Amino acid sequence: MSKKILIIVSNACVIGPNNRRTGNFLPEVAHPYAEFDRAKYQIDFASLTGDTPFLDALNLADDPDNLAFLVGKGWDSMQKAKKLSDVDVSQYDAIFMPGGLAPMVDMPEHPLLKKVVKETYERGAVVGAVCHGPVSLLNVKLSDGTYLLAGKNISSFTNDEEENYAKADVPFELETALTQQGALFHKTAPWQAFSIVDGNLVTGQNPASAKGVAEKMIALLESA
């Protein structure tokens, strides 16, 4: 049986006091999509509202996997993303939340997303996120009342990276917020590839880390 992956994307298109245009960061969707596709997995998309999601970083379309996503079935599938509340997430072997600044707008507190992450994690399915995507793990409480992040080895976009990217636009710094809920935060030099596994949780630091997160998720799924 082919594994089933649900990619959960943001619906936000602006962020911050200056209404900075944003969306889901193209390589953080396209690179994992390419890895899952090469593994012959079924890949579906869900968004928080069911409206067509937005993509950021279209200037990176000359990258082969990014271009293949845009002109192939990937973007077509993402445009038809189902509303998360209409999806039976229990049927999926893994969920994955890509970054971009957009998730910082609609994913920190979204009640259904928190429930989906909790239930997916607790049934032992794989939970993956990259860059700003780990904001989806923030404020997730497990059945025992503890934060999902507490004591977990986690990575995400770092404060150092945010300093020169979008510090004026984001509502908070993600590294700080994750750490405040007990995450054991790991990182490498800014903009370098880094991803980490803790049990069935896989996170990555930045756009360069998206491929590695997918590879680690696949390794977990193939070992199950």
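In which helix is the place of Gln-180? In this predicted model, Gln-180 belongs to helix α7, which covers residues 174–180. With a relative accessibility of 66%, Gln-180 counts as exposed. Its C-alpha lies 9.0 Å from that of Ala-150, a residue 30 places away in sequence.

The sheet may be described next. Seven strands make up an open sheet of mixed pairing, and their order across the sheet is β7-β5-β1-β8-β9-β13-β12. At its edges stand β7 (82–83) and β12 (195–198), each of which pairs on one side only. Helix α8, formed by residues 210–223, packs on this sheet and touches β1, β8 (94–97), β9 (126–130), β12 and β13 (201–204), while its direction makes about 175° with that of β9.

Within the sheet, strand β1 (residues 4–9) runs parallel to strand β5 (residues 42–47), and the two are joined by six bridges; in this pairing Leu-6 stands opposite Asp-44 of β5. Strand β1 also pairs with β8, again in the parallel sense, over three bridges, and here Ile-7 stands opposite Phe-96. Strand β8 is in turn joined to β9 by four bridges, the two strands running parallel, and Met-97 has Ala-129 of β9 as its bridge partner. Along β8, Ala-94 and Phe-96 point one way, whereas Ile-95 and Met-97 point the other way, and all of these residues are buried.

The C-alpha atoms of Gly-128 and Phe-96 are 4.5 Å apart in space, although the two residues are separated by 32 residues in sequence.

Aromatic side chains were examined next, and a search of the whole structure finds eight aromatic pairs. One of them joins Tyr-33 and Phe-69, whose ring centres are 5.3 Å apart and whose planes stand at 80°, so the pair is edge-to-face. Because Tyr-33 lies in helix α1 (residues 26–38) and Phe-69 in helix α2 (residues 64–71), this pair ties together parts that are 36 residues apart in sequence. Tyr-33 and Phe-69 are both buried. Since Phe-36 lies in helix α1 and Phe-96 in strand β8, the pair ties together parts that are 60 residues apart in sequence; both Phe-36 and Phe-96 are buried. Ring pairs also link Tyr-33 and Phe-69 with Phe-45 into a cluster.

The charged end of Lys-4 sits over the ring of Tyr-92, at 4.9 Å from the ring centre. Arg-20, for its part, lies over the face of Tyr-165, and the distance to the ring centre is 4.7 Å.

As regards cysteines, a search of the whole structure finds zero disulfides. For Cys-13, the closest cysteine sulfur is that of Cys-131, and because the two sulfurs are 18 Å apart, they are too far from each other for a bond. Cys-131 is likewise in no disulfide, the sulfur of Cys-13 being the nearest cysteine sulfur to its own. With a relative accessibility of 3%, Cys-131 counts as buried, the cut-off being under 20%.

Backbone geometry draws attention to two further residues. Ala-57 has a positive phi of about 70° although it is not a glycine, and this alanine is found in the loop between β6 (55–56) and α2. At 5% relative accessibility, Ala-57 counts as buried. Trp-191, which is not a glycine either, also has a positive phi of about 70°, and the loop that holds Trp-191 runs between β11 (184–185) and β12. Trp-191 is partly exposed, with a relative accessible area of 41%.

Technical notes: Residues numbered from 1 in each chain as written. Heavy atoms only, no water. Pairing = 2+ DSSP bridges. Contact = heavy atoms within 4.5 Å. Axes fitted to C-alpha atoms, helices over the stretch in contact; angles between N-to-C directions. Disulfide = S-S within 2.5 Å. Buried < 20%, exposed > 50% of the residue type's maximum accessible area, 1.4 Å probe, protein only. Phe/Tyr/Trp six-rings, centres within 6.5 Å; stacked < 30°, edge-to-face > 60°. Lys NZ or Arg CZ within 6 Å of the ring centre and 35° of its normal.
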